[in-house]
Structure formats: structure tokens, C-alpha cells
Amino acid sequence: MFRFPLLLILFFIGCFEYEETILFRKLSSGTVEISYTVPLKKDSNDSLIKFLPTSKEEIISSVKKKSNNNLQVRDFTFRELEKSETTDMYFKRKGKVSYKLDFEDPLHLEGVLIGTFSIKSKPRSLTVKRDFPNLTDNAILETSVGEKKIISETSRLLREGKIQFRVLFPKDSECSSNRGFIGLGNLTYQIPLTETLENPDSKTWEYKIRFF
């Protein structure tokens, strides 16, 4: 499970963007497309958030480290945002990253995606469970008294932050989910960061896809 430091919570205030799309072509293969915006170090293009790197080499290393898998990273892009694209008062430099992960077994995604990802496979169905920790709880475990006060204040200021997920599957499949919106061949779910910080009941997202 990812742990969320104080730096990440401060980042949420200005502008947090994380989008993830999983395409299940069939039971045993598919693609994950990930894009996110991160604050950059003052004198380099390195990310200030360790688990959201800005270099392809770091992403490949992180993916291989978290799972014994054959995931392939492709279509990697990185660019620094123009000054006109951000008004963040905390971080003056930001970079946008996007890439895709091809998988031959969805089990290989466990330990790789944000939060926790677990999957159960049957002959004609997949059941996916995603858990997202309470950001404040995880951050406070490793912070000083002064940092706790900052976390409390910054949490109160959160308004527009969200994490966006999309799941795509064959249109003749059947999908059920405890959260989000189900359309023809797709499932979408957005997590408002205020819920992730404050509502302990908003941690689990579970969905099932039946293939015909």
C-alpha cells in the first residue's frame, strides 16, 4: 500500500491530477494508461513525490520492484508545464507524465497501481478490489506535532482535488460495481480527496466483470 507523506497532502491543495484507465481486452490481457501531474525539484526534472517518478527508467524500476511480472512500459511522455498552466502557490514547477503498461495477466498489476489492487479470476469473470488509505491517518503516523497541525489546516482547505479511474471492457460483457457509473463497455469512478481524507467508509471500491 502506498503511504502518503506530508508533501503529497500539500501538493493536493494546489492542483492534483491522477488519471488511470484499465482496458481489459479479455480475461488474460489488457493495458493500463496512467497520467499524473507532479511538483518538480527546483534544479531538475525529478519528481518531489517518490512513488510518482518523472523518468521512464524510474518507472520501469518501480514496476519491476513491486511485482514479479512481465509488464511492459510504453508510450512514455514527460513535459514541464508552462507557467500559464499552473497557479500553484506552493510549487512553481510541475511536470506531466503519461505512460502505458501492457499486461498478459491482470494479477501482475497487484502492488503496482495506486492504493492497493487485488484481483480474483474465474473462468469467465474477474473481480477487482481497490482499497485507498485515509491520507491523514497515514501521514500523521510519521509526522511531528507541528506537521500534524499543518496537515489539519491543509485538509480543511481541500476543495476540488480528485483521483479519476476508468475501466474499459468488451461491450458484450457484464459489469457490476459498488461505486461509480457503469456504461456500455466502461466503468468510471472519481474519488474526491475530501472523502479520502475525512471519510473512513470511502476506502473500498469493488467491481466484477463477466465475459461472454
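Visitor: Which residue forms a salt bridge with D75?

Guide: The general idea is that side chains of opposite charge can pair when their charged atoms come close. In this predicted model, D75 pairs with K100, and their closest N and O atoms are 3.5 Å apart. The two are 25 residues apart, with K100 in strand β4 and D75 in strand β3.

Visitor: Is K100 buried or partly exposed?

Guide: K100 has a relative accessible area of 22%, so it counts as partly exposed. D75 is partly exposed too, at 43%.

Visitor: Where do R74 and D102 lie?

Guide: First, the bond. R74 and D102 form a salt bridge through their side chains, at 2.6 Å from N to O. R74 sits in strand β3 (residues 72-80) and D102 in strand β4 (residues 94-103). This pair is 28 residues apart and links distant parts of the chain. R74 is partly exposed at 29%. D102 is partly exposed at 22%.

Visitor: What does E80 pair with?

Guide: E80 meets R93 in a salt bridge, 3.0 Å from N to O. E80 lies in strand β3 and R93 in the loop between β3 and β4, so the bridge ties together parts 13 residues apart in sequence. E80 is partly exposed, with 33% relative accessibility.

Visitor: Which residues join into one network?

Guide: R74, D75, K100 and D102 do, through salt bridges that share partners.

Visitor: How many salt bridges does the whole structure have?

Guide: A search finds six.

Visitor: And the nonpolar core: which residues have the most contacts inside it?

Guide: F24, Y36, F165 and Y207, in the largest core, which has 40 residues. Beyond its neighbours within four places in sequence, Y36 contacts residues including L52, I59 and V97.

How values were computed:
Residues numbered from 1 in each chain as written. Predicted model: local features only at pLDDT ≥ 70, side-chain atom pairs only at ≥ 80, totals over all residues. Heavy atoms only, no water. Core = buried A, V, L, I, M, F, W, Y, C linked by side-chain atoms within 4.5 Å. Buried < 20%, exposed > 50% of the residue type's maximum accessible area, 1.4 Å probe, protein only. Contact = heavy atoms within 4.5 Å. Salt bridge = Lys/Arg side-chain N within 4 Å of Asp/Glu carboxyl O. Helix = DSSP H or I, 4+ residues; strand = E, 2+ residues; numbered from the N terminus.
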